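Please look over the structure shown below.

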Amino acid sequence: MAMALVVPGLMMNVASAQEYNLTVAGASPGGLWSLLGAGLDSALKAEYPGSTVTYQTSGGGIANVAVLQRDDASLAIIEDAVLQLARDGEAPFREPVNDDIRVLSYLYTWAPMQAVIRKEFADKHGISTFADIADVKPPITIAINKRGNIASGVAEAMLEAIGAGPDEVKSWGGDIIYAASSEQTSLIQDRRIDMFLNSLFVGQSSIMQAASSVDVNLLPLSEETIQEVSGKTGTNPFTIPGGAYDWAPNETPTVSISATLAVRSDMDEEMAYKLTKALYENYENIANVHPAMKSLTPEIMASVEVVPYHDGADRYLKEVGLR
């Protein structure tokens, strides 16, 4: 009788072969998030050849909560500040959704809120810290991101924390306007605004462009403001290093909006485990998509606190000593 030939290890290799075809909801077609989609694809392919992660455009982090709830994507990039709003059922969410969403990883934690003010205006009114805005009550025009962008909500929380909300600013003869990141640079260059307050990577080109034609300063937040804003918004304390800009020699404490990789809580536990393993063990594939991602480490990836890790992700992280 013929006997089957068994090659040692062959059956195990066949059994362990796995391919995943997933989608990740991001935001616009270009930008860092689309590059992160490519990095996730590369990391998954490294662990499971033949797998794909397809980047899916969407309205961004707030919209991506609904994308996951509808099961319209396997993965979604969502800011931690958005997750806190969703967890607590705060506007724009009508009810808490914390039981629906879990995370696998942080993708970055270094998109700090940067208060960039025209030096001429700051010197004229004696403004050297963020809190000085409320103390001095100048006729300041401040640009923050468009409504519906989480950076806009965090900016509002920062201003309200020091007593410089829209009503107060207007009572001083100033204004708060809503403008996309791409618009803020030209607004400050043309001196149509005195300051912009936005979540941007340190050294981002829009800041460098503004500073090339207008003298600017960075305003530091007090520890009290940082703690209040972090608690309210789910952001994290962050310090912009001294010398990060030629015109900002001192450290600048602030808060940072971070981005997570989120999934549905009912994702199969073994699948979540394997995806987490692939991402963490091939994290350099994600870190290499852009110079801004060079600080990514497994330790950072494992540091989300605003919502729980998926059970499968948590199992992997405990196995490797990251939790």
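Predicted model: local features only at pLDDT ≥ 70, side-chain atom pairs only at ≥ 80, totals over all residues.

Residues are numbered from 1 along each chain as its sequence is written, and side-chain values use heavy atoms, with hydrogens and water left out.

Q: Which residues line the largest cavity?
A: A cavity is, on a 1 Å grid over the protein atoms alone, a set of points where a 1.4 Å probe fits but cannot get out, and lining residues have an atom within 4 Å of a point. A search of the whole structure finds one cavity of 30 Å³ or more, and about 40 Å³ of space lies in the largest cavity, where a volume is the space filled by probe spheres set on grid points joined across faces, edges and corners. The lining consists of Leu 40, Leu 44, Val 53, Leu 75, Leu 104, Leu 261, Leu 275 and Leu 279.

Q: How many nonpolar, polar and charged residues are in the lining of the largest cavity?
A: Helix H2 (32-47) and helix H12 (269-281) each supply at least two residues of this lining, helices (H or I, at least four residues) and strands (E, at least two) being DSSP runs numbered from the N terminus. In the classes used here, Ala, Val, Leu, Ile, Met, Phe, Trp, Tyr, Cys and Pro count as nonpolar, Asp, Glu, Lys and Arg as charged, and the others, Gly among them, as polar. The lining of the largest cavity has eight nonpolar, no polar and no charged residues.

Q: Which residues lie nearest the centre of the largest pocket?
A: A pocket is an open set of grid points with protein on both sides within 12 Å along at least five of seven lines, and the largest pocket has a volume of about 1,000 Å³. Its lining residues divide into 18 nonpolar, 19 polar and two charged, and S4 gives the most, with three residues. Of the 39 lining residues, those nearest the centre are Trp 33, Tyr 108, Ser 199, Phe 201 and Gln 204.

Q: Which element gives the most to the lining of the second largest pocket?
A: The second largest pocket has a volume of about 360 Å³, and of the 17 residues that line it, the closest to its centre are Leu 85, Ala 91, Gly 153, Val 154 and Glu 156. Helix H4 (80-88), H7 and helix H11 (223-233) each supply at least two lining residues. The most, seven residues, come from H7.

Q: Where is Pro 92 placed?
A: The peptide bond from Ala 91 to Pro 92 is cis, with omega near 10°. The place of Pro 92 is in the loop between H4 and S4.

Q: What separates Asp 123 and Lys 119 along helix H5?
A: The side chains of Asp 123 and Lys 119 meet in a salt bridge (2.7 Å, N to O), a salt bridge being a side-chain nitrogen of Lys or Arg within 4 Å of a carboxyl oxygen of Asp or Glu. Because Asp 123 and Lys 119 are four residues apart in helix H5 (residues 119-125), the separation is about one helical turn.
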